[in-house]
Amino acid sequence: VYFTRMNVSLVTVEFSVCSGLYGNEGLLPARLELRYGIRSSPTLLWLGPHLGLDIQASMELLCLLGALLSLAAVLMEALRDSLVFLCLWVSYLFILCDVLLLRDSLLLETGFLTVLVAPLTLVRGSRGIREHDSMTFWLVRWLLFRLMFASGAVKLMSRCPTWWGLTALTYHYETQCIPTPLAWFAHQLPVWWHKLSVVATFVIEIAAPFLFFSPLRRLRLGAFYLQVLLQTLIILSGNYNFFNLLTLTLCLSLLDNQHVNFWLRKRDDNRERKEGEANHSVPKMGFLLCLFVCFYRGGISAGSSCFCSTKLYCFCLFIVENSAFFVVAAFTFDQFNQFLKAITIPCIWMGVLSLTWEMITSIFRFWGMFQWSVFAAAAASMFTISLVPLSHMEYDSHVHLWPVVRQAYDLVDRLQLVNSYGFFGWVTGVGGRPEVVLEGSYDGVTWTEIEFMYKPGNVSAPPAVVTPHQPRLDWQMWFAALGASAPWFTSLVYRLLQGKPDVIELIQTDVSQYPFHQQPPTYVRAHRYRYWFTERKPDGSHQARWWRRVYDEEFYPMVHLGHTYLENMLSRYGLKVFISLQQSRMPKNKVMKSLTQSRRRKKKWRKIRTFAPIREVRKRRRTGMVMSRTKKMRWKSENLEKKNVVKPVLPL
């Protein structure tokens with residue numbers, strides 16, 4: 001139910017921003033990528049022309065059907081079926097893969113696990129059995145373990161000085177992508193509190209995940225509430241779209257029927273209690289073995305102390321004369337690397353023993369051996385291929401994996417059934433939060449800033465609260481500020497100069513708030529600033545401004561329509577060809593013929609990849625089209641100085 005509700009909102013959001021991002025007049029048209037033939041695998045979007053729809057209409061139809069199907073599954077219990085979730089997963093996979101949005105991998109993996117966990121009642125015809133299968137449901141808990149453990153380990157494996165110095169949270173609140181208003185107040189907390197918070201983060205993300213497989217019910221519930229506490233604090237201080245809500249949904253796999261009924265104030269008989277304990281138990285020997293290795297290797301501490309020192313396994317708490325205290329890491333990178341090397345293989349064996357126990361205990365709850373064999377094979381296959389991304393954290397363990405396991409992972413890697421995780425391994429913006437500010441002008445003298453709805457810009461505007469919505473353009477602006485200009489940014493500048501309404505709505509949903517809504521700007525430029533949160537006043541009150549900023553450098557030069565720099569960038573990224581095709585008044589076949597005429601002689605003896613119609617391409621493949629040696633030498637002498645056409649790069 002939680003996944004279907006989330007899918008309704010996400011697919012609806014994709015439908016609302018589809019035209020501005022990937023439409024025919026969007027930033028990076030999806031039809032441009034499909035025309036160049038970068039995607040070799042089949043996709044549902046190729047069926048659009050056969051239905052009389054272009055690529056944009058096909059994507060919008062796919063989003064609309066996904067939203068309606070998700071809404072129907074929320075309202076009707078009978079539609080919460082494995083086949084329905086399979087359709088939702090396939091539709092979302094094609095949308096994300098065609099537009100290259102790989103950061104939604106967690107949602108895709110969770111969606112595929114929902115296909116395995118949900119009951120298959122539409123085909124079987126039985127509406128009475130709605131309980132999930134414990135073997136495939138175990139994979140949800142395994143995904144939660146991989147997600148949290150990798151998120152904690154990558155922070156230390158990145159060698160980021162702020163994480164090792166326990167000062168990461170002193171920068172995090174103001175440098176994260178889209179902070180909330182509560183992030184300003186969290187940033188004002190003392191440094192010692194931030195350091196203790198970093199220690200608590202490491203404990204929750206590295207140590208607590210091993211309790212997910214504990215045979216003791218209270219330890220599992222304690223691990224559940226620790227994860228809920230961490231995710232809730234992240235939601236309150238930052239806008240990370242649906243990620244934390246999805247993680248909270250995964251945390252529900254740590255609960256049993258008894259605790260859920262306690263929440264719902266329902267009576268629970270002894271039979272349900274025994275089943276709940278049986279469904280969430282694991283071999284004690286496997287858990288104790290992994291727990292012993294964890295604390296034996298993790299109990300590394302320094303020998304220095306002041307007046308009083310309390311060793312907390314991996315961190316030391318010092319109390320000095322003036323009753324002040326501070327926390328330091330009591331281990332080195334090499335020691336943590338050795339710990340990770342020693343713990344990776346026990347983690348795998350812990351998963352093997354836990355899954356084996358689930359298979360043994362669930363064999364008596366199935367109708368027949370065939371049904372049990374199908375679910376057991378699916379669970380074992382998903383667990384096996386998930387070992388490849390899990391072992392990416394430690395090189396030696398990854399090398400010792402069987403080659404057949406890596407080959408199986410490579411076969412399904414494109415479908416994103418399992419993925420590598422590890423978020424925010426390096427804290428950015430230590431010297432100030434970089435932020436790109438777009439400006440427009442009519443005369444090139446008086447400039448007006450183009451303010452986005454969610455990302456920081458106006459220093460007096462409070463931070464926004466947008467969870468669970470994911471403003472993809474605002475996120476990309478944050479990534480662009482950390483590096484150089486991207487291909488989509490050139491397309492953004494060009495679309496603003498043209499005044500395309502679909503792109504303007506990505507910046508301001510209320511077009512009247514856009515400063516150039518009546519007439520597009522003649523000139524556009526971009527500068528990079530450094531932003532910081534303001535401090536409290538001496539009396540402790542809040543200042544009128546939320547941010548303070550300092551000019552850093554020019555990010556994008558002043559351009560106008562027809563400017564040489566803009567035309568060169570459009571040609572470099574392969575966007576000018578598509579734009580000229582879109583703006584031309586010639587018939588479609590004649591435009592494509594004129595666009596490919598300059599390339600035909602060069603690629604006549606090769607496999608043709610141009611804008612020619614599909615029938616023409618198949619005809620040329622059948623005929624061969626091999627040039628004679630005399631014509632080929634003559635063509636080389638005439639076209640020696642011609643440049644090759646660069647294929648478009650679509651990182652968005």
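Colleague: What order do the strands of the open sheet of 4 strands have, and what pairing?

Modeller: The order is β5-β4-β6-β7 with antiparallel pairing, where two strands pair if DSSP finds at least two bridges between them, and where strands (E, at least two residues) and helices (H or I, at least four) are DSSP runs numbered from the N terminus. This is a predicted model, in which local features need pLDDT of at least 70, side-chain atom pairs count only at pLDDT 80 or more, and totals for chains, interfaces and linings use all residues. Residues are numbered from 1 along each chain as its sequence is written, and side-chain values use heavy atoms, with hydrogens and water left out.

Colleague: How many bridges join β6 to β7?

Modeller: Strand β6 (residues 523-533) is joined to β7 by 9 bridges, and the two run antiparallel; V524, for instance, has V559 in β7 as its bridge partner.

Colleague: What does H527 touch?

Modeller: Not counting residues up to four places away in sequence, H527 touches E435, V436, V437, E439, Y551, E553, E554 and F555, where contact means heavy atoms within 4.5 Å.

Colleague: New topic: where does α17 have a kink?

Modeller: The kink, of about 25°, lies at I343, shortly before the proline P346, and the bend at a residue is the angle between axes fitted to the seven residues ending there and the seven starting there. Helix α17 (residues 333-362) has 30 residues and reaches 42 Å from its first C-alpha to its last, close to the 44 Å expected at 1.5 Å a residue, the expected span being 1.5 Å times one less than the number of residues.

Colleague: And E109, which residues is it in contact with?

Modeller: E109 sits in helix α5 (residues 105-117) and is buried, with a relative accessible area of 1%. Leaving aside neighbours within four places in sequence, E109 is in contact with L143, R146, Q416, L417, V418, N419 and Y421. The C-alpha atoms of E109 and Q416 are separated by 6.5 Å, although these residues are 307 apart along the chain.

Colleague: How many helices and strands are in the protein chain?

Modeller: The protein chain has 28 helices and 7 strands, and 49% of its 652 residues count as buried.

How values were computed. Buried < 20%, exposed > 50% of the residue type's maximum accessible area, 1.4 Å probe, protein only.
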